[in-house]
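Here is a short briefing on one protein model. Keep the structure open while you read.

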Amino acid sequence: MALPRLRQAVVAATDFSRTTSALEAVLGVRDPFHDPGIVHFGLRNAVYAVGDTFVEVVAPVREDTAAGRQIARAGGDCGYMCMFELADEQAVRARVAAAGVRLVHDSTHPDIVDLHLHPKDVPAAIVALDVTNPPGSWRWGGPQWEGAVPDHAPGGLTGMTVAVHDPRQVAATWAQLIGVECDGSTLRIDGGRQRIDFASAAPDEVERIVEVRAAVGGGQGEATVAGVRFVTEHVSAKETG
């Protein structure tokens, strides 16, 4: 593991049960964590562990939620949020301030600092920057991940594609905030094991996450869930050590 790292990808959906069933089928996952605290945002959720990374489904349970507005803008279920694990809280906050980016959420726990960036300042998704203690823990994955790194299955997120109107400019913005170099319209993180690609969106198309890639313990394939293309490749326990 090398920081920064993509730890969680989030889709927003209207039909919660159908979406979770479809995601379980494509990723070969079961037994999600349901976070009771997310009702504060007017949502219900299911968080699935994919190796030591996570994929989350959120669905609005009341009117006028950020996820509901994104679904309305996109004309249906869609990619919604991505969360990165980084090191050094002060450096992260300094980069956010230097970029003039507003925070829409700022919370601190003994094991994690969680900063959500304003989507009007950072296009295409709600981007969260999280600093963990110890590194590798992830309280959003459930109680067993709070301040700890439990035994987990092999595999994990390997990247995603984000459709935007100006791929090079948006890639540069994300790179500045995450604290990595930008190679044109691509970011390479986790020591090169993960890749964030920025693709061109039509002028009238809503900017959003359009693809999530993962290595999973099951088979390999491709399926569209909640308007996002999920592409999986097989990984064995031996390959992950």
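**Around His118**

Leaving aside neighbours within four places in sequence, His118 is in contact (heavy atoms within 4.5 Å) with Val101, Arg102 and Val104. This is a predicted model: local features need pLDDT of at least 70, side-chain atom pairs count only at pLDDT 80 or more, and totals for chains, interfaces and linings use all residues. Residues are numbered from 1 along each chain as its sequence is written, and side-chain values use heavy atoms, with hydrogens and water left out.

- His118 sits in the loop between strand E6 (112-117) and strand E7 (126-132). Helices (H or I, at least four residues) and strands (E, at least two) are DSSP runs, numbered from the N terminus.
- His118 counts as buried, because its relative accessibility is 18%. Buried means under 20% relative accessible area, exposed over 50%, and partly exposed in between (1.4 Å probe, protein chains only).

**The largest pocket**

- The largest pocket has a volume of about 1,000 Å³.
- The lining has 41 residues, and the closest to the pocket centre are Phe41, Tyr80, Met81, His116 and Ile126.
- Several elements give two or more residues to this lining, among them strand E1 (5-12), helix H2 (66-74) and E6.
- A pocket is found on a 1 Å grid over the protein atoms alone: it is an open set of points where a 1.4 Å probe fits, with protein on both sides within 12 Å along at least five of seven lines. Lining residues have an atom within 4 Å of a point.
- Volume is the space filled by probe spheres set on the points, which are joined across faces, edges and corners.

**Cysteines**

- A search of the whole structure finds 0 disulfides (pairs of cysteine sulfur atoms within 2.5 Å).
- Cys78 is buried, with a relative accessible area of 1%.
- For Cys182, the closest cysteine sulfur is also in Cys82. The distance is 15 Å, so it is too far for a bond.
- Cys182 counts as partly exposed, at 31% relative accessibility.

- Asp88 caps the N-terminal end of helix H3 (residues 89-98). One of its side-chain oxygens lies 3.2 Å from the backbone nitrogen of Gln90.
- Just after H3, Gly100 takes a positive phi of about 70°.
- Gly227 lies in the loop between strand E13 (221-225) and strand E14 (228-234). At 41% relative accessibility, Gly227 counts as partly exposed.

Terms used: A polar contact is a pair of N or O atoms within 3.5 Å; within protein, one must be able to donate a hydrogen and the other to accept it, and residues adjacent in sequence count only if both atoms are side-chain atoms.
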